[in-house]
Amino acid sequence: MRNFIKRLATRFQKKNKVFPLINTTWRRTNDIIGHEPLFDIKCRFCGSKMVLRFSHILIENVWSWATTKPSNSLGFKCPKCAWFVRFYVEDEPRYLKEIIEQRNGANLFYPRYEEWAEEDKEIEKQLKALGYWGGRDDV
Ligand SMILES: [Zn+2]
């Protein structure tokens with residue numbers, strides 16, 4: 001019975017017609033990033049967990065294939081095969097402005113290098129496989 005209700009609720013939420021304002025796939029984080037997914041973002045090609053690479057707050061003149069409403073656009077990249085996806089999470093302008101304030105007025109946010117540095121090794125491997133022989137001038 002409990003599972004039945006759970007399944008029914010999930011199906012109901014997926015359609016999301018009665019309560020369209022309840023976002024069942026993204027959650028507000030009230031921090032510098034703004035939103036986080038309630039699902040695992042996995043690479044479509046290799047299945048790896050995707051890593052956040054940027055968050056772009058768009059409030060005015062939003063024009064994209066996904067939405068024209070104020071939103072937080074989040075970019076995720078696969079650390080193994082470099083596939084890139086961009087999501088548009090619609091939200092109230094008031095909340096989006098709060099995020100920008102936390103970023104000292106910048107509408108773009110990039111995670112620190114340490115959080116995605118791992119992919120450099122994979123890129124190096126791929127470049128070598130392609131015959132690239134130059135080195136990096138690491139400081
Ligand atoms: Zn991948």
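**Figure 1. Val51 and the pairing of β3 with β4.** In this predicted model, Val51 stands opposite Lys77 in β4. Strand β3 covers residues 51-58, and β4 covers residues 71-77. The two strands pair in the antiparallel sense, and seven bridges connect them. Strands of a sheet pair through backbone hydrogen bonds, in either a parallel or an antiparallel way.

**Figure 2. The β4-β5 hairpin.** Strands β4 and β5 form a hairpin, with six residues between them. Seven bridges join the two strands, which run antiparallel. In the turn, Ala82 has a positive phi of about 70 degrees. Most residues other than glycine have a negative phi.

Figure 3. Four strands form an open sheet, in the order β5-β4-β3-β6, and the pairing is antiparallel. The edge strands are β5 (84-90) and β6 (108-109), each of which pairs on one side only. Ser55 stands opposite Phe109 in β6.

**Figure 4. Leu38 beside the Thr24 to Arg27 segment.** Leu38 lies in the loop between β2 (35-37) and β3 (51-58). Leaving aside residues up to four places away in sequence, Leu38 touches Thr24, Thr25, Trp26 and Arg27. Leu38 and Trp26 are 12 residues apart in sequence, and their C-alpha atoms are 5.3 Å apart in space. Is Leu38 buried or exposed? Leu38 counts as exposed because it has 10 other C-beta atoms within 10 Å, and a residue with 12 or fewer is classed as exposed.

**Figure 5. Asn30 in the β1-β2 loop.** Asn30 lies in the loop between β1 (26-28) and β2. Phi of Asn30 is near 55 degrees, a positive value in a residue other than glycine. Asn30 is exposed, because 12 other C-beta atoms lie within 10 Å and the exposed class takes in residues with 12 or fewer.

**Figure 6. Asn104 in the α2-β6 loop.** Asn104 lies in the loop between α2 (93-102) and β6. Although Asn104 is not a glycine, its phi is positive, at about 55 degrees. Asn104 counts as exposed, with 7 C-beta neighbours inside 10 Å.

**Figure 7. The whole chain, for orientation of the close-ups.** The chain has three helices and six strands. From the N terminus on, these elements run α-β-β-β-β-β-α-β-α. Of the 139 residues of the chain, 10% count as buried. Among contacts in the chain with a separation of 6 or more, 48% come from residues 24 or more positions apart.

Conventions
Residues numbered from 1 in each chain as written. Predicted model: local features only at pLDDT ≥ 70, side-chain atom pairs only at ≥ 80, totals over all residues. Buried ≥ 20, exposed ≤ 12 C-beta atoms within 10 Å, placed from the backbone. Contact = placed C-beta atoms within 7 Å. Pairing = 2+ DSSP bridges.
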